[in-house]
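Hi,

Here is the structure I said I would pass on. Have a look first, and my notes follow below.

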Amino acid sequence: QVQLVESGGGLVQAGGSLRLSCVVSGRTFSNYAMGWFRQTLGKEREFVAAISWSGSTTYYSESVKGRFTISRDDAKNTVYLQMNSLKPEDTAVYYCAAKERVVHTIKVVYIHDNEYDYWGQGTQVTVSS
């Protein structure tokens, strides 16, 4: 059983920064591509960022490109989301997700939530204006 636990959320002023962490346990972390999504009340879950199992490929939504950075530390079984220049519209519950490696495919990052196998419980990020 794979478990994902997010942390690092909180309240920050607009223009500030936060770093989210997601620790993965239960399986070999390096076998998973990882993603971050976010959701606000009454809206669908939104893709934020993704990283391949090797860490060599990343992908971002247009709304966060240039402000957020996804990274991974396989020695710590952890994926990070560094969020800079935060805006009130970044306020949401942020979820990390894990996608088990698929062999014989050129696809290494995933942007649709139904492609992921495991999810964390979420961490609240609130950006005040």
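Let's start with the disulfide (a pair of cysteine sulfur atoms within 2.5 Å): Cys 22 is joined to Cys 96, with 1.9 Å from S to S. The pair ties together distant parts of the chain, as Cys 22 sits in strand E3 and Cys 96 in strand E9, 74 residues apart. Strands are DSSP runs of at least two residues, numbered from the N terminus. The link is right-handed, with 45° about the S-S bond. Both Cys 22 and Cys 96 are buried, meaning under 20% relative accessible area with a 1.4 Å probe, protein chains only.

A word on the source: this is a predicted model, where local features need pLDDT of at least 70 and side-chain atom pairs count only at pLDDT 80 or more, while totals for chains, interfaces and linings use all residues. Residues are numbered from 1 along each chain as its sequence is written, and side-chain values use heavy atoms, without hydrogens and water.

Next, Arg 72, in strand E7. Arg 72 counts as buried because its relative accessibility is 15%. A polar atom of the Arg 72 side chain lies 3.0 Å from the backbone oxygen of Phe 29. For the backbone oxygen of Ser 52, the distance to a polar atom of that side chain is 2.8 Å. Beyond its neighbours within four places in sequence, Arg 72 is in contact (heavy atoms within 4.5 Å) with residues including Tyr 32, Met 34, Ile 51 and Trp 53.

Enjoy exploring!

Notes
Helices (H or I, at least four residues) and strands (E, at least two) are DSSP runs, numbered from the N terminus. Buried means under 20% relative accessible area, exposed over 50%, partly exposed in between (1.4 Å probe, protein chains only). A polar contact is a pair of N or O atoms within 3.5 Å; within protein, one must be able to donate a hydrogen and the other to accept it, and residues adjacent in sequence count only if both atoms are side-chain atoms.
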